[in-house]
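Hi everyone, thanks for coming. I'd like to walk you through one model today, chain by chain and then contact by contact. Let me put it on the screen.

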Amino acid sequence: MNVSSVKSKIEVDDVSFRYPATEGAGKSQLEHLSFDVREGEFVSLIGGSGCGKSTTLSLLAGLNRADQGQVRIDGLETHAPGKNRGVVFQHYALFPWMRVRKNVEFGIRQVSEANKKDIREKAERYLKLVGLEGSENLYPYQLSGGMQQRVSIARLLSMETEILLMDEPFGAIDAKNRVVLQDLLLALLERSAKRRTVVFVTHDIDEAILLSDRILFMKDARIAETLEVPFEHPRNREEIVTSRQYQEFRRRLFNLFYDFEGEESEIAKGIEYII
Amino acid sequence: MRRALNILYKLLPHALFLALMGMMGVILQRGDRDWAALRPMLALAVLMEAIVLLRAKRWETAGIFSILFGVLILWQAYASFMNTSVSFLFPPPDKVVAVLVKDIRLILHSILASFWLLLLGFALAVVLGVALALLCGYNRRLQNLVVPIADVFSAIPALVYAPYAVAVFPSFWLAALFVIASGLFWPILINTIQSINSIDRTLLDSARALDLNRRDMILRILLPYCTPGLFNTFTMQISSAFMLLIGAELMGMTSGVGWYVKYNSDFSNYTKVIAGFIVIGVLVSLVNAGLDLLKRRLLMWTNMEGRA
Amino acid sequence: MNVSAKSALGELRAPRVQWSAFVPVLLCALLAAVAQWVPDGVENESHAPFIALLALLGAIGVIERRKQSARDILTLVVVLLGAWEIATAKAATSVHFLFPTPEMVLHVYLTDYAQIGKNIATTSLFLLCGFISGVAAATLLGIIVGWSVRAKKILLPIVKVLTPIPPLIYTPYLIVLMPSFFWASVAIIFLSVFWGIFLSMIFAVSGMDQKLIDMATTLNVNRAQLYFHILLPYCLPHAMDRLQQAITAAFMVLFNAEMIGNAFSGVGWYIAWNARFADYTKVVAGIFIAGVFVVLLKSILRRARSAVVRWR
């Protein structure tokens, strides 16, 4: 994907946020968080549990509003959802009372003025793309977890928003389907005519490396480190995963996750050996 | 702008309180009522105001008491200052409150009578219902026979055969007891059977592995297990239990809160009728609140849904 | 013979007896014979309708002979009928005014069916008006209040207090207050149905999965869409669950109102009126009608529920 180096698409400017007392007994906070995302870039937010990555995403989505600082999209401050962003959550939030097709159509309808027939065609096209042709008339409860998540993704993609926000979308899916969906997402974004900006939350190192252009490592509610992923597009999973570059990059990322000190370095050595 | 609205909101109950006091002052002045008769009402108003002051921290207090004060004011205004031909149907609140205080002994006696009837009916229904449910738990064939019948009978409001029961049983009280017990019996039966059916197989197996005899099994394992379900059923059934109670009393009893309302209704003393409504309302809320508390203490080992 | 499925608690079975599949049918025939040919001890109506009823039960017995539960229920029913018949018609020497014979009750249906029909129609009409208005209002208002945090905070305590009060108690008052019995009964049914559903709608909306709400938020739904496309479909199953309870309550309240009010028609009125005149044959007949009526309505509701809520 070509990345324009002009103005940033998304700017998070010195943002602080804390969940209100009634909601957030165990939830994370953000303190003076800042980062940028350029247009067309695929950025992963990665980090351990509770470091604030989902919270950050919710701010970008407009579900919460920063207590201090600003979230700017296309230069304009935003604190509410909008038609330029689409979201996918970890737990497929399909409306259970709507059939699969209707779920997707509902998303499209919200962001475009097209007529019913066009909306239906588009929905069916994207469902076919994610491999769910034939399941359009089923209710969500009749689908497996992986299939439900695919519907979620179809809904997101069919809305054709400029910005895609994804919060551990493959986290609840079994290993095999995860690979399928990662490849699918990668292929769709690489072949897409328009540049899409993606902010992707995950705790899976390999997933982050495979999919993103840049990885932001979060720790203690701040960005601790930024890494540029050194692989060119279009990416081939086989080639990348077996390359030496990958191993080294991965180790770097791994060490960020688990910083071993003192006595624990024995375990570190042992684990490093396995990697 | 928002702040102004907020302040207005917080001040509203106090303003209404003053309005209410003012209204009563006017009534006093007009000579419609004397000081002694208005005293209970004034006491009530002051009490409410005190609660508002004490619980000012909670946001909703202002709203709730504004509504309550507002209702009182409208009611008092309509009843005292309008001259309608059916004004006897709409006694003003000060009279109602006064009557509550005056009749307090009779009211307490009625409450006790009603409670006694309800408790007995419930106890009867529980004992029979749980016993039969346990039997059904042990014998699938019996269960398949009983459940469809119970489904049918639980749909039929017990009040329907109340006139018949009144004729058959030697006393009104027994007829009322029968109606209440039979009305509560079927839902308790069904719900207990359901909760027995839903016992986790592994729980049963580990109990059986402990080689308990049948009596222990029932008393120490099954009954405690069913208790949350029973509780839930009872809280659900409490409103229909009250309905049955009052319906049964309306049929011709000579004591109890239902009787109190009907008796005064027959004599067209609607002041007391409305006082009776309020008593029943308070009673039911108290019972519900009490049940909630009990539930929380007794059922600490269950999660929110009341299941293990 | 079919084997009983394992019981929930373990193996405590009654001693096995070899029931043939046709036992209930045979019992029906036996009872019919007894009814027809054993002489009545009392003055009784014709046996024909009773035998027709037994024939009907026998037919059901033949059709359902494979299901053991059906057989057992049928057997129980026939045994009870037999006990009733023998106790009141055969073994007794005079009809007790409180305990009519089955033939007398059936006779009532055959002769009085026009009036009974009218009563059923009246009750149904009143019930429908009160019920539908109550349910519709409760659902809509419940969703609106449930969604607004402020409204909920203020109204919920008040509603919790008002809900358990049996509207039964307002019955005499409303009957006097309202211009006609129709309005009184509609009002009473409305009140009895409204609070429960209102409360449960508020809880349903409050308990909605936050993820669904978040998803709807990110999809930029406006107010109308929120109420009608998101909240309402979500809460509908909860409402339908409550419907069955609500209709029982509505029945109870309506019957009671008919019994004590100035009604002149309706199933409840029929029962109370005849009780007042000590015509307990009709009372018993009325009770059976009421029972069948309620059960029928509930099963219709149950079917409606599964039809509407296919997405669970």
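Let me begin with chain C: of its contacts with a separation of 6 or more, 76% are between residues 24 or more positions apart. Please keep in mind that this is a predicted model.

Of the 312 residues in chain C, 42% are buried.

Now for how the chains meet. Two pairs of chains touch, and the pair with the most contacts is B and C. Here 48 residues of chain B are in contact with 51 residues of chain C. On the chain B side, the helices that each supply at least two residues include helix H5 (104-138), helix H8 (172-197), helix H10 (214-250) and helix H12 (270-298). By class, that side of chain B divides into 31 nonpolar, 13 polar and four charged residues.

Chain A also touches chain C: 17 residues of chain A are in contact with 13 residues of chain C. Helix H2 (residues 100-111) of chain A gives the largest share of the chain A side, with three residues. That side of chain A has twelve nonpolar residues, four polar ones and one charged one. And what about chains A and B? No contact joins chain A and chain B, and their closest C-alpha atoms lie 14 Å apart.

Which residues does C:Val193 contact, leaving aside its neighbours within four places in sequence? They are C:Gly130, C:Phe131, C:Gly134, C:Val135, C:Ala138, C:Ala246, C:Ala249 and C:Ala250.

Let's move over to chain A, where I want to show you two sheets. A quick reminder before we do: strands of a sheet pair through backbone hydrogen bonds, either parallel or antiparallel.

One open sheet in chain A has six strands in the order E6-E7-E8-E3-E9-E10, with mixed pairing. Its edge strands are strand E6 (85-88) and strand E10 (222-228), each pairing on one side only. From one strand to the next, the twist averages 20°.

Inside that sheet, find strand E8 (residues 197-202) of chain A. Why is strand E8 largely enclosed by the rest of the structure? Because six of its six residues are buried. A:Thr197, A:Val199 and A:Val201 point one way from E8(A), A:Val198, A:Phe200 and A:Thr202 point the other way, and all are buried.

Now the neighbours of E8(A). Strand E3 (residues 42-46) of chain A pairs with E8(A) in the parallel sense over five bridges, and A:Leu45 stands opposite A:Val201. Strand E7 (residues 163-167) of chain A pairs with E8(A) in the parallel sense over five bridges, with A:Ile163 opposite A:Thr197. Further along the sheet, strand E9 (residues 214-219) of chain A and E10(A) pair in the antiparallel sense over six bridges. There, A:Leu216 has A:Thr226 in E10(A) as its bridge partner.

The other sheet I'd like to show is an open one of four strands, in the order E2-E1-E4-E5 of chain A, with antiparallel pairing. Strand E2 (29-38) and strand E5 (76-77) are its edge strands. Strand E1 (residues 8-18) of chain A and E2(A) pair in the antiparallel sense over seven bridges, and A:Arg18 has A:Gln29 in E2(A) as its bridge partner. Helix H1 (residues 53-61) of chain A lies across E1, E2 and strand E4 (68-73), running at about 120° to E1(A).

Technical notes
Residues numbered from 1 in each chain as written. Chains lettered and ligands numbered in written order. Predicted model: local features only at pLDDT ≥ 70, side-chain atom pairs only at ≥ 80, totals over all residues. Contact = placed C-beta atoms within 7 Å. Buried ≥ 20, exposed ≤ 12 C-beta atoms within 10 Å, placed from the backbone. Nonpolar A, V, L, I, M, F, W, Y, C, P; charged D, E, K, R; others polar. Pairing = 2+ DSSP bridges. Axes fitted to C-alpha atoms, helices over the stretch in contact; angles between N-to-C directions.
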